[in-house]
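Please look over the sequence and the model, and then follow the points below.

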Amino acid sequence: MAEILCVRCGQTNPQLERAPLRSELGERVRREICQLCWDQWLRYQTALINHYGLDVREREARVFLTENMEAFLFGAREPGAEG
C-alpha cells in the first residue's frame with residue numbers, strides 16, 4: 001500500500017486505495033488524506049448523522065455532511081457548524 005504525507009495530520013501514513021467519492025473532492029481526499037484520518041472522519045460523520053438525525057437521502061443532509069467533511073479533513077470551516 002502506498003504512503004502519503006497527509007495534509008490533515010502531517011504524518012506519513014497509508015494512502016486510501018481508491019477515491020471514497022466519485023468526484024473531484026473524492027480524488028482530492030485520496031491524494032491528500034491518509035487512511036487513518038479518513039477512518040476518523042467516518043466515525044465523526046456517523047456521530048453527526050446520529051446527533052442531527054440526518055437522512056442522507058435528503059440533499060440538505062448531504063450538503064451538510066460534505067461541508068463538514070471538508071472542514072474536518074482540510075480545515076475549510078469549523079466542523080459541526082450548520083449552514
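How much space lies in the largest pocket? In this predicted model, the largest pocket holds about 210 Å³ of space.

**Largest pocket**
- The lining is formed by Leu-21, Trp-38, Trp-41, Leu-42, Gln-45, Val-56, Arg-59, Arg-62, Val-63, Leu-65, Thr-66 and Met-69.
- Two elements each give two or more residues to this lining, namely helix H2 (35-52) and helix H3 (59-74).
- Helix H3 gives the most to the lining, with six residues.
- By class, the lining residues comprise eight nonpolar, two polar and two charged.

**Packing of H2 with H3**
- The axes of H2 and H3 lie 10 Å apart, and the two helices pack at an angle of about 140 degrees.
- That angle makes H2 oblique to H3.
- The crossing in which H2 passes H3 is right-handed.
- On the H2 side, the contact is made by Cys-37, Trp-38, Gln-40, Trp-41, Tyr-44, Gln-45, Leu-48, Ile-49 and Tyr-52.
- On the H3 side, the contact is made by Phe-64, Leu-65, Asn-68, Met-69, Phe-72 and Leu-73.
- The contact of H2 with H3 has twelve nonpolar and three polar residues, and no charged residues.

**Packing of H1 with H3**
- Helix H1 (residues 24-32) packs with H3 at an angle of about 20 degrees, and their axes are 12 Å apart.
- Angles under 35 degrees count as roughly parallel, and H1 and H3 are therefore roughly parallel to each other.
- The crossing in which H1 passes H3 is left-handed.
- H1 contributes Leu-25, Arg-28, Val-29 and Glu-32 to this contact, while H3 contributes Thr-66, Met-69, Glu-70, Leu-73 and Phe-74.
- By class, the contact of H1 with H3 has five nonpolar residues, one polar residue and three charged residues.

Key: Residues are numbered from 1 along each chain as its sequence is written. This is a predicted model: local features need pLDDT of at least 70, side-chain atom pairs count only at pLDDT 80 or more; totals for chains, interfaces and linings use all residues. Side-chain values use heavy atoms; hydrogens and water are left out. On a 1 Å grid over the protein atoms alone, a cavity is a set of points where a 1.4 Å probe fits but cannot get out, and a pocket is an open set with protein on both sides within 12 Å along at least five of seven lines; lining residues have an atom within 4 Å of a point. Grid points are joined across faces, edges and corners, and a volume is the space filled by probe spheres set on the points. Helices (H or I, at least four residues) and strands (E, at least two) are DSSP runs, numbered from the N terminus. Ala, Val, Leu, Ile, Met, Phe, Trp, Tyr, Cys and Pro count as nonpolar, Asp, Glu, Lys and Arg as charged, and the others, Gly among them, as polar. Axes are lines fitted to C-alpha atoms, for helices over the stretch in contact, and angles run from 0 to 180 degrees between N-to-C directions. Angles under 35 degrees count as roughly parallel, over 145 as roughly antiparallel, 65 to 115 as roughly perpendicular and the rest as oblique. A crossing is left-handed if the near helix is turned anticlockwise from the far one by less than a right angle, and right-handed if clockwise. Contact means heavy atoms within 4.5 Å.
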